[in-house]
Amino acid sequence: MTIAINIAVPEGLVFAADSRQTYTNARNDVRVSSDNAQKLFQLGPRHAAVTYGWAFLLNRNIHSHVQDFKTTVSPDLKTEDLAKALARYLTEQYKQHIEKEYDAPVDEKNYALALLVGGYDTGDKEGKVYEIYVPGEEAHLVQTTENRVGAAWRGHTLVIGRLLKGFDPRLRDLEGFEEKLGKTMESSPLDYLVDYWSMTLQDAIDLATFLVHTTIEMQRFSDGIRNAPGMSANCGGAIDVAVIEPEKGFAWMRHKALRASHAAGIITNSET
């Protein structure tokens, strides 16, 4: 599971994600396979994408597929065209994955993985963010920096939903819940009022980081809810954050890098 964030404000776009990768083993236990997964990608000088859903296709992680995809497209593609091209590319990998019987196909109304893809077209001052679903070839406009600013969160959304929306969707499962209350909830009376129009890019970076960190820490300190106990801490690891500005383009704010860990207790002897 993942927590993936995009925030669009007039100054630019912010993307953030955790780094935990999990799998279900032969005993049906959910295990952490890595806290170093790359879920946030630079697609070019002015574009980025963040993924959630399946972590592997054809026994390769999504990061490796995105790296291959980048060699097949022009960096000058418009944001919408880039998003659609990525959807087609990953859908082809998904079809091969299913044909080789690595996994069963998802239901027609569901998806295996999805991505938020955003950036600025060359010469354009308006940043746009699209959502793509795999399998699929469409790109759906989610946010822009001019007339649709705001925050989008995907993956494990329950913690952020409680915080920003004011309720947990599992409220509908409680005894005594009435549909009249459900309709009231849909009008968002409990939403925190966040002024994205006046938010600076630095504040958007801070908010995106806060939302990912809060999800990770709530999973760390809890084990589900009283009405549904038992939950895996499937978000964790380092938090990656990137911004895209209309003039400067893409830049990493926080990004894990390859490193060699310190090997404690190793003694070497040498003779001359």
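Is Tyr111 buried, partly exposed or exposed? Tyr111 is partly exposed, because its relative accessibility is 30%. Here buried means under 20% relative accessible area, exposed means over 50%, and partly exposed lies in between (1.4 Å probe, protein chains only).

Before we go on, a word about the model. It is predicted, so local features need pLDDT of at least 70 and side-chain atom pairs count only at pLDDT 80 or more, while totals for chains, interfaces and linings use all residues. Residues are numbered from 1 along each chain as its sequence is written, and side-chain values use heavy atoms, with hydrogens and water left out.

Now look at the rings. The structure holds 5 aromatic pairs. Rings of Phe, Tyr and Trp (its six-membered ring) pair if their centres lie within 6.5 Å; planes under 30 degrees apart are stacked, over 60 edge-to-face, and the rest tilted. Tyr111 and Tyr133 make a tilted pair, because their planes meet at 45°, with ring centres 5.3 Å apart. This pair links distant parts of the chain, 22 residues apart: Tyr111 sits in the loop between H2 and strand S9 (113–120), and Tyr133 in strand S10 (residues 127–134). Helices (H or I, at least four residues) and strands (E, at least two) are DSSP runs, numbered from the N terminus. Tyr133 is also partly exposed, at 30%. Ring pairs join Tyr52, Tyr111 and Tyr133 into a cluster.

Another pair, Phe250 and Trp252, is edge-to-face, with 5.1 Å between centres and 85° between planes. Phe250 is buried at 10% relative accessible area, whereas Trp252 is partly exposed at 27%.
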